[in-house]
Each structure stands twice: as C-alpha cells, then as structure tokens.
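Q: I have not looked at this one before. Can we go through it step by step?
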Amino acid sequence: MSDFSQGQGRRGQGRSLLARGIAYLSRREYSEYELRKKLAPHADSPDELDTVMARLKKENWQSDSRFLQATTNVSAQKWGAVRIAAKLRQHKLAEEEVNAALQSLNDTEYARAKVVWEKKFKGQVYSTPQEYARQTRFLLSRGFSADIVRKIIRSPSED
C-alpha cells in the first residue's frame, strides 16, 4: 500500500496520518502548531507525528509563512491589527514574521477601519454620546487601535 492509504474509510477511519494531514491541508492552510494538535489524536506515537510533520514541511504541503500570509490577507478585510496579532500568536508562529506582517497591516489600518465602519454604520455620524460609545465599542472589538477609532468616528469625512 502507498503512504496515502490504508483502507480509506468514508470518514477517515484507517487513513494514514500522512493522508489525513494532506486531506486537512488540501482544504485550507494550517500552522504547524494547529496541524499537530489536529493530527495528534490519530498518531500512534509522538515519533510518528514528528516524521509526518517533517515530511509535510519538506514536501512544502505545510508552511507557516504561507499560513501567516493567508490568515493575514483574509483577516485584514474585517479585523484590526491587534486582533490579527492575537490570532497569529495563538498559532505559535515566529515572532519576527508576525511583527513583519503587523507592520504592513499598521500601514493600512486607517483605510481598513474606515471601510468596516462605513459598512456597519452606513457613514452615519454619531449624534448622541450613546451612539458614539456604540461605534467606538464596535471598532475596538474588531481590534482597531483607539487612535484610529477616534479619528474615524469624530471626523469620518476626512481622508
């Protein structure tokens, strides 16, 4: 039998660890940390898991830098740099790669926050302190910095 099968069942029972890893990676990018957690219950031993992870990295099926780039690109449309940084750090990625990605996000933070604000509030400027607080809470919960949030809410027409 090949490395990729061992009597593949419909739900994956009996699939080799390598086949299971490739199946996960064919759907979306995973960080090494996340993929290890996902494959660990199916591994017979930690050595087997290490071997499979090494093979996945060697064949370039799994790449932390590709995961970082994909996650950053998708998340940037909806979330601020603070929230994205927290998400990336949960995956135990190299700190210098995370910081580089965040630097590029910080350059576009104002424009991204403004798009999110306009989509949610349809460009309506606040008229009451409660509305100001509501708009502020919304953008802060999305992970945008307080300075950016204040700029957008107080004078949304400026660019």
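Q: Is Arg150 buried, partly exposed or exposed?
A: This is a predicted model. In it, Arg150 is partly exposed, with a relative accessible area of 35%.

Q: Which residue does Arg150 form a salt bridge with?
A: With Asp147; the closest N and O atoms are 2.7 Å apart.

Q: How many residues apart are Asp147 and Arg150 in helix 9?
A: Three, so about one helical turn separates Asp147 from Arg150.

Q: Which residues of helix 9 are buried?
A: Helix 9 runs over residues 146–154, and Ile148, Val149, Ile152 and Ile153 are buried there. These four cover an arc of only 120 degrees around the axis, which puts them on the same side of helix 9.

Q: What do the buried residues of helix 9 pack against?
A: They pack against helix 7, residues 109–121, and helix 8, residues 129–141.

Q: How many salt bridges does the structure hold?
A: Twelve. Another one of them is where the side chains of Arg36 and Asp50 meet, at 2.9 Å from N to O.

Q: Where in the chain do Arg36 and Asp50 sit?
A: Arg36 is in helix 2 (residues 32–39) and Asp50 is in helix 3 (residues 46–58). They are 14 residues apart, and the pair links distant parts of the chain.

Q: What is the relative accessibility of Arg36?
A: It is 26%, so Arg36 counts as partly exposed. Asp50 is partly exposed too, with a relative accessible area of 38%.

Q: Going back to Asp147 and Arg150, how far apart were the closest N and O atoms?
A: 2.7 Å, in their salt bridge.

Q: Which residues do salt bridges with shared partners join into one network?
A: Glu32, Arg36, Asp50 and Lys57.

How values were computed
Residues are numbered from 1 along each chain as its sequence is written. This is a predicted model: local features need pLDDT of at least 70, side-chain atom pairs count only at pLDDT 80 or more; totals for chains, interfaces and linings use all residues. Side-chain values use heavy atoms; hydrogens and water are left out. Buried means under 20% relative accessible area, exposed over 50%, partly exposed in between (1.4 Å probe, protein chains only). Helices (H or I, at least four residues) and strands (E, at least two) are DSSP runs, numbered from the N terminus. The arc is that of the directions from the helix axis to the C-beta atoms. Contact means heavy atoms within 4.5 Å. A salt bridge is a side-chain nitrogen of Lys or Arg within 4 Å of a carboxyl oxygen of Asp or Glu.
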